[in-house]
Amino acid sequence: MYIRFCRVSISILLFSLNYISSDVIGQKKVICLRVEFQESESSGTTGNGHFLMNPDTTCGNYIIDPPPHDKSYFQSQLIAVDNYFRNVSYQNFGIDLEQSQIFPETNDQVYTLPNSMDYYNPYGVIDTLKEERLITLFKDAIFVANSVDLSPFEDFDFVIVFH
């Protein structure tokens, strides 16, 4: 009985994975929103909620992603993610870099969300509150971007929020 159950379960799982992944192929257009948070010095987060735009000497010579973290920086990150997806999907999935856009359009502007970083990811609370706040982060990002730039979300397959 157990072996039969496992075989049926594996078949259903494989069928489900095939169905789920069937929609996520091809080149997808993404809209990327660069957001930062209200400034905060909370001990539950690193940084102050803003993008690193100037050289930071807190780590000495050990800097993984050197500043400035402006639009050009995130364009290069998007290219790297596209290369990764194309590679692991055997060229079946990627980001349409020509049709995708990063907002705001100016190099050093960002959208500022109405709350601090620790509000969106509170430290030491139950998981359901963390999930609610993550949803709030995405809602706030979309609302702020749309109120500033009337972003054309319907023209894209996915929304990415960068911070």
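Visitor: In β4, which residue is the bridge partner of Cys32?

Guide: Keep in mind that this is a predicted model. The partner of Cys32 in β4 is Ile102.

Visitor: Over how many bridges do β2 and strand β6 pair, and in which sense?

Guide: β2 and β6 (residues 158-162) pair over five bridges, in the parallel sense. Within β6, Phe162 stands opposite Arg34. β2 is also joined to β5 by three bridges, and these two strands run parallel. There, Gln38 has Ser116 of β5 as its bridge partner.

Visitor: Is β2 mostly covered or mostly exposed?

Guide: Mostly covered: of its nine residues, eight are buried.

Visitor: Which residues have the most contacts inside the largest nonpolar core?

Guide: The general idea is that nonpolar side chains tend to be buried together in soluble globular proteins. Here the largest nonpolar core has 15 residues, and Ile31, Leu33, Val35, Phe37, Tyr111 and Leu113 have the most contacts inside it. Two or more residues of this core come from each of β2 (30-38), β5 (111-116), α3 (117-120) and α4 (127-149). Another core, of eight residues, lies apart from it and includes Tyr73, Phe74, Leu78 and Ile95.

Visitor: Leaving aside neighbours within four places in sequence, what is Leu33 in contact with?

Guide: On that basis, the contacts of Leu33 include Phe103, Tyr111, Ala141, Ile142 and Ala145. Phe153, Val159, Ile160, Val161 and Phe162 are also among them.

Technical notes:
Residues are numbered from 1 along each chain as its sequence is written. This is a predicted model: local features need pLDDT of at least 70, side-chain atom pairs count only at pLDDT 80 or more; totals for chains, interfaces and linings use all residues. Side-chain values use heavy atoms; hydrogens and water are left out. A nonpolar core is a set of buried Ala, Val, Leu, Ile, Met, Phe, Trp, Tyr and Cys residues joined through side-chain atoms within 4.5 Å. Buried means under 20% relative accessible area, exposed over 50%, partly exposed in between (1.4 Å probe, protein chains only). Helices (H or I, at least four residues) and strands (E, at least two) are DSSP runs, numbered from the N terminus. Contact means heavy atoms within 4.5 Å. Two strands pair if DSSP finds at least two bridges between them.
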